[in-house]
Every structure is written in C-alpha cells, then in structure tokens.
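Please read this report beside the sequence and the model.

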Amino acid sequence: MSNDSDAIVVKNPWGKLRQHTSARIALGRSGTSLPTGPHLEFQLAHARARNAVHHELNTVALSDALRARGFDVITAHSAAESRPVYLQRPDKGRRLDAPSRSALEIRPADTEPADVVFVIGDGLSALAIEENAVAFLDAVMPSLKADHWRVGPVVVVSQARVAVGDEVAEVLGAKIVVVLIGERPGLSSPDSMGIYMTLGPRSGMTDESRNCISNVRVEGLRYDLAAHKLLYLMTEAKKRGLSGVLLKDEAEDLSSNAVTTGQNFLLSAD
Amino acid sequence: MRYSQSIGTHTYTFDSLREVMAKASPARSGDYLAGVAARDDEERIAAQMALANLPLRTFLNEHVVPYETDEVTRLIIDEHDARAFAVVSHLTVGGFRDWLLSGAANEVSLAALAPGLTPEMVAAVSKICRVQDLILVAQKCRVVTKFRNTIGLKGRLSTRLQPNHPTDDPTGIAASIFDGLMYGSGDAVIGINPATDSIPAVMTLIEMLHEVIQRYNIPTQSCILSHVTTSIEAINRGAPIDLVFQSIAGTEAANKSFGIDLKVLQEGQDAALGLQRGTVGNNVMYFETGQGSALSANAHHGVDQQTIETRAYAVARKFKPLLVNTVVGFIGPEYLYDGKQIIRAGLEDHFCGKLLGVPMGCDICYTNHAEADQNDMDMLLTLLSVAGITFIMGIPGSDDIMLNYQTTSFHDALYARQVLGLKPAPEFEDWLRTSGIFDSGDSLKLADTLPKSFHRALAHLH
C-alpha cells in the first residue's frame, strides 16, 4: 500500500535541514494535513514521554555513584508522598517531609558553613537525573576545587520541586544552593536536566531569585558549557551579592568557544 | 460584604466577593490546590446564582485584591472609564450575560464598552457562560493591532512561528523558520524562546531574525521572548528589536515574582517605541499569561485563578500590545488537570481578553504530565478558530524541542484555515502569493513547488 501513499503525500524537498535540528521539520503533507507516518510517530513519542513522567528515581544507585566520588550524600523525600500527589500538589513537592527535615536538623553542624550545596531532585523526569547529574558534577567539580569553593553534602530528594532546595540549604546553612532537577519531558527529550542557582536560599523564595540553566543533556547543552555558565553565575552572585533576574548571564562573553554569530543558510551570501 | 443564595430550604452564604467568584468558577485543579473551589456542584451553582444577581457596579466598590497594596487593582480602578461603562452600568452580572448575547452587543458597541469593563466584571460573566456563549460573544469582538502588518481583522487567523531550539543554534532555528514559512506560518510574529536569558545570545538571535525578515522582505515582526529588562539592555546596546516581550500576571506580587512591575513594563514599551521600527502601526509589546501563574508564586490573595488571569489583561491593555497569548496548558495538571479543563480555560481567556479589548491569541497546548492529548487540542483549536482567535502558535510537528511541550503545528493552522476559510494577515497573505509559497489567485493553496526565492538558501546546504 506504500506506493499509494507515495503518490498522494506531498514531500518537502528540504529534508536535509533535519541534520541541523531535532525539530519535526519537512514532514510533508496529505492535502494540508499531517501524513499517516509522522502522525503515528508523534503518537508513539507521546506515549513514551508519558512513561518517563512516571519513572521512579533509583536513589540507591545515584547515592552509590556520588559516594564513590567522595561526596557526603544525604537522601531525603519531599512532603509529596506519591507521584499522583506530586503532580497535583506542587506545594508539597517544595517542602521536605518531617523525617527528612529532622534528619538534616540533627546532623552535626559543619565547622564552617558550605559555600555551596548541591541538591539533586527527580522533578518530572528521574531519567534526566540518572543520565546527567553525576556527569555534570564531574564536569563542574574541578573548577570549584580550583577556585576554593567549600562544597557541602549532596542532598538527593525524591518527588522534588526546585524550591525544596531552599529549605535544604537553609537548614544546612549554605550560602548558595544549586538544584539539579529533571525538567518536564518533551517528546524528543525525555532526559533534559535543569540547573537552578540561588544565593542566600531560604524557604518561601520565588523564582525571580534564581538563575536557570536548562536543557543540560548529551544532545542539548553540553556538561562543560553548563559548568562554565554555572561557575560564572556563582562567582558573580558571590561578588555582587545577588542572584536571579538582576544577575544577567553574560557568560558567552567570556567563553572562547561559544557561538557568537547568527550566520546560517537563510542568510548566506552568493 | 456577605452574599447569600437560597435554594429550597438551604441558604448558601459567601463571606466576600472573592469567595462568590471562586466558588462560582467551573471546577479546575488549581482552585482546589488553592483551597478556594466550591465543595460540590450544588454550592457552585448557588454561587453562580448569587453572582448573577450582583450589580456590575459592585466590582467598582469591592475589590478582590486590596487597592492599597496592589498596583494592578489601582490600575484597574484608577483607569476605569465610567462613560464607556454607562451603557451597562444598570445591569447585574446575569443581565450583562443576556445583553452580551443580544443584538445590542456588536462589534461597534463592544469596542466602545471595553474601557468601561473591569477584569472582574468580565471574569464574573464568563463564569456563568457555557462554552457556546464564550464562543458567540468573543466572535462579535474585533481587536485590531498593527506593526508591520494588520492583526485581528475579521476572517483572519494569524500564527506565531515558534522556531525554538534547545541550544539556540542559529542554523537549527533557521531550519524551523524555513519549514514554517513554507507552510505559510509567521504573520503574528517570528518569536523565539531563547534557551538562556544571556544578553549576548539574545543579541545574536535578534540580529539574525532582523536579517531574515529584511532579506526575504517578509511583512512580519520578530521577538525574542527574554525578560523585559534583557530586552531593554539589548536595545541600549543597539539591538534591532521589533517587539518587547514579557510574561505578566494579575497581581503586583505575582508580577514581582516575574521580576517586573508596571514601571519596568512602561520602560520596555518606551524603549521599543523609541526605535520606530513599525511600518503600519506602533503596537510594540508581546505579553504572555496563563491561569495559575499567580498561585504558582503564592501571590493569588485567595482569588480563583481565572479571575486573577483576567486581571493580567488589564496590565496588558495599558501597554497597547500587538499580541497577548494565553499559554493555556503549559503550566501543568496542578492548575488545569485534563483536556476538559484546558479547553474551557482557553475559551474563557479568549472571551475575557477580547471583551477587555486585548488582541488575544492562545498557545493551544499541553504538557506530558497532563491528562490531555492531540484530540483535546484539535477540539480547542476548532472551537477557538470559530470564536475568532487572533493568533495561535505554529511549530514543526507540534513538538517544541526547547520548552518540552506540545502546541499547534504549521499543519494545524492550515487545517483551521481550510475548514473555516480563514486567511493570514492581509500583508502577509500578499507576500505568500508573490513569493510563490501560496498559489496565485484567491485560493489558499500551498504551491506544489519550492519558491524560487528560497532555492538559493537550500543550494547553500551540503
């Protein structure tokens, strides 16, 4: 039957553009509508993304990998007791549950408070954390050590929203919190990790106090570039005493290998 | 003030205007999350009956968010046009619904009335409207805006070409722009959500869009959806910005959580106006909104999410935007749980925006953690297109690879145009024909061959 479709579907002669983007371009058309092939491919991608949302974070494997790198690891849980509750009650995902909070509070205080605490949360894609969190820390830690940042424990939080990091860091007395969290899965990227940096974290803060680096994954923003951006933001935040919308990310200015031209095929000269 | 409604032997009482409004709202997860929703359907209808009996004037005297502590309330009250309001000032909310459905409400009378309406009046009447009312009344409204083309004319449906790329790669973005233009998308705006808010990256993208629009002589406008302060800084550094973007909400505290206030929005508008880049008009702002954003910032003052959303349109209209977009299904299931709630919210937002005189478009969308799918979006797209939506999004194959959600595709817009005979903005329509993307003549048919002007671009690819 495929021969019949070939005659009916209008193909787009710009398929080679697909090498430059994972966007669903050059799909062709049946009349003006989506042809059967790409229509069903989309439906499959949606079914897979739905599965990713409900995948549970393997905290044991993650903690083992972190400890093997010398991190002091604490596991915790948000006040959202299950995935369905988590999805409908973001307020619960922003708070620790009582046992987790107590465990942090009774922890012996560090001799000097940490400059930065990393909080790792499953967010909406535990897959993103399993694939990217450790590799990103491997990329950023050498620079932090070289610049003499005092790095506190890594706290792994299940059923976490970004703001749970504020409570964690407040209890631990850290000056900066960096939250690594699974972003909501897209059809083409069920494994995208976000990084949120906040200076002077405390419970009840809102998003204007944070700086975000998003889409950290193998096929998105590379670990070394994300690490460069984070280090820039942390350094500027500490120097200027602020984070969030008032702290602009001008890291590209400092990066030697960043893309600084908008040139592309649409604008090529003859 | 207390309000009550008797049903049989039972009397329902509501302690405040905000409680009547919240409990009259059709059910949605965000209002349950906030703890302001009706206990059950009967209490909801009692609240709707109480609301229907309220004089519209009530909303000028009792405020759901305090005047003293909220600049959005002050904007709404201080700039209310009492003369425009006079034509309906004697009506109750229920009477207002009847008036809107009657022949007295038409394109001319509704445009004249808009400055006399407050967001709370409009939100209130929407709560006692069925879906068909939301469509019928919105369809009567006409809000026309201009920059390099004319948006919002009768029988037109515009699209934002949204060529997002996860790392802002210029060639990747150009590939999606090319795809969109070949499908007739992009008359509302070519608008990129950048992956970061970095000023150098934003400057690069602005320059690129500027050059594409110039090179191909496209009667449209560009926008990088970065924070307003980033756009202002980019303008100060000489960037060729067409539209200044900002996400906005309906309370001062929620706007603060976005890092903005009315003053900085004014600065953004002034900066863009100073560039004088519009050719047929000077609407230079692009705003996005969405039910639930105030609660998300814990800045809702116990008001239901649909009422707060409508207050954001009062913020929008102060700055004469070219486009306002309710990103209805983006925020997630904790605010709009499923397809049914998303569909109703999209129609409410469009209805309320249009009554207030705002050029309302809709990002007909859902996330992968919501109970919704493509069938739900097809329903909302069809309903909004019948209702006269100003613009929708256009993205390759419905899949936003940067923001990780699904919105309407280039194909979807062509479906809506085909079944309802809708056309793009007139200047852009002419361009689609002269450039060879559409066949010449009156039909809206895509040409079967690649237009000559774009041959050269593809020839450079290897």
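Across the interface of domain 1 and domain 2 of chain B, 28 residue pairs are in polar contact, both residues being at pLDDT 80 or more; a polar contact is a pair of N or O atoms within 3.5 Å, where within protein one must be able to donate a hydrogen and the other to accept it, and residues adjacent in sequence count only if both atoms are side-chain atoms. On the side of domain 1 that touches domain 2, the helices α1 (17-24), α2 (29-34), α5 (71-78) and α9 of chain B each supply at least two residues, and α9(B) gives the most, with 7 residues. Helices here are DSSP runs (H or I, at least four residues), as strands are (E, at least two), numbered from the N terminus. By class, that side of domain 1 has 23 nonpolar, 7 polar and 9 charged residues, where Ala, Val, Leu, Ile, Met, Phe, Trp, Tyr, Cys and Pro count as nonpolar, Asp, Glu, Lys and Arg as charged, and the others, Gly among them, as polar.

This is a predicted model, in which local features need pLDDT of at least 70 and side-chain atom pairs count only at pLDDT 80 or more, while totals for chains, interfaces and linings use all residues. Residues are numbered from 1 along each chain as its sequence is written, chains are lettered from A and ligands numbered from 1 in the order in which they are written, and side-chain values use heavy atoms, with hydrogens and water left out.

The domains of chain B are domain 1 (3-129) and domain 2 (145-434), with bounds that come from an automatic or database domain assignment.

| Interface | Buried area | Salt bridges |
|---|---|---|
| Domain 1 and domain 2 of chain B | about 3,000 Å² | 5 salt bridges |
| Chain A and chain B | about 5,900 Å² | 5 salt bridges |

Within chain B, R311(B) forms a salt bridge with E120(B), the closest N and O atoms being 2.8 Å apart, whereas between the chains the side chains of K256(B) and E208(A) meet in a salt bridge at 3.9 Å, N to O. On the side of chain A that touches chain B, α2(A) gives the most, with 6 residues.

Terms used. Buried area is the accessible area (1.4 Å probe) that two parts lose on being put together, summed over both. A salt bridge is a side-chain nitrogen of Lys or Arg within 4 Å of a carboxyl oxygen of Asp or Glu.
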